[in-house]
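Q: I would like to learn how to read a structural model feature by feature. Please take me through the one shown here.
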Amino acid sequence: MKFCKTLQKMVGLSDPEWVPFWMNYKLLKKMIHDLPTAELRETGGESTAESGGGLVNDFMQGLNKSPEEVKWFKLLYEEFQKARWFFEKGSQELAIREERLRKG
């Protein structure tokens, strides 16, 4: 819980224009704790090398089965898009400033 509190303090100290672009960590964490626990799919006796997967593949095949998971991943994607857009906007502004400085 310390990370969430520290993050919220940082949001409060940051430029007010940046506040909408911070990830909503608290909501994402709450939603992930509310997800039903998924049971791993059985490989049917095959080794993980033969089944072409292992733990990650089993996990990925279990996704998109509950509406809560889909909702969480959509929110996560939207939060990443906010952060990506903010980063790209800032990068463009810095490139413009750099070009102006170079021109004199």
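Q: Which residues does Leu 28 touch, not counting residues up to four places away in sequence?
A: Contact means heavy atoms within 4.5 Å. By that rule, Leu 28 touches Trp 72, Leu 75, Leu 76 and Glu 79. Before going on, note that this is a predicted model, in which local features need pLDDT of at least 70, side-chain atom pairs count only at pLDDT 80 or more, and totals for chains, interfaces and linings use all residues. Residues are numbered from 1 along each chain as its sequence is written, and side-chain values use heavy atoms, with hydrogens and water left out.

Q: How many helices and strands are there in the chain?
A: Helices (H or I, at least four residues) and strands (E, at least two) are DSSP runs, numbered from the N terminus. Here the chain has five helices and zero strands, and its pattern along the sequence reads α-α-α-α-α.

Q: Which residues make up the largest nonpolar core?
A: A nonpolar core is a set of buried Ala, Val, Leu, Ile, Met, Phe, Trp, Tyr and Cys residues joined through side-chain atoms within 4.5 Å. Buried means under 20% relative accessible area, exposed over 50%, and partly exposed in between (1.4 Å probe, protein chains only). In this model the largest such core has five residues: Leu 28, Met 31, Trp 72, Leu 75 and Leu 76. Two or more residues each come from α2 (25-34) and α5 (67-103), and α5 gives the largest share, three residues.

Q: Why does Glu 79 count as buried?
A: Glu 79 counts as buried because its relative accessibility is 7%. This residue lies in helix α5. Leaving aside neighbours within four places in sequence, Glu 79 is in contact with Trp 22, Met 23, Asn 24 and Leu 28.

Q: Is Cys 4 buried or exposed?
A: Cys 4 is buried, because its relative accessibility is 4%. Its place is in helix α1 (residues 2-13). Apart from residues up to four places away in sequence, Cys 4 touches Tyr 25 and Lys 26. Cys 4 and Lys 29 are 25 residues apart in sequence, and 9.1 Å separates their C-alpha atoms.

Q: What relative accessible area does Gln 8 have?
A: Gln 8, also in helix α1, has 41% and is therefore partly exposed. Its C-alpha lies 9.5 Å from that of Trp 22, 14 residues apart along the chain.

Q: How does one read Trp 85, and what is its relative accessibility?
A: Trp 85 is found in helix α5. At 43% relative accessibility, Trp 85 counts as partly exposed. From C-alpha to C-alpha, Trp 85 and Phe 21 are 8.5 Å apart in space, and 64 residues apart in sequence.

Q: What percentage of the residues of the chain count as buried?
A: Of the 104 residues, 15% count as buried. Accessible areas come from the Shrake-Rupley method with a 1.4 Å probe; for residues, only the protein chains shown count as cover. The chain exposes about 8800 Å², with carbon and sulfur atoms supplying 60% of it. As for contacts between residues at least 6 apart in sequence, 52% join residues at least 24 apart.

Q: Which residues line the largest pocket?
A: Rolling a probe the size of a water molecule over the atoms shows where empty space is left. On a 1 Å grid over the protein atoms alone, a cavity is a set of points where a 1.4 Å probe fits but cannot get out, and a pocket is an open set with protein on both sides within 12 Å along at least five of seven lines; lining residues have an atom within 4 Å of a point. The lining here is Glu 17, Trp 18, Phe 21, Phe 86, Lys 89, Gly 90, Glu 93, Leu 94 and Arg 97.
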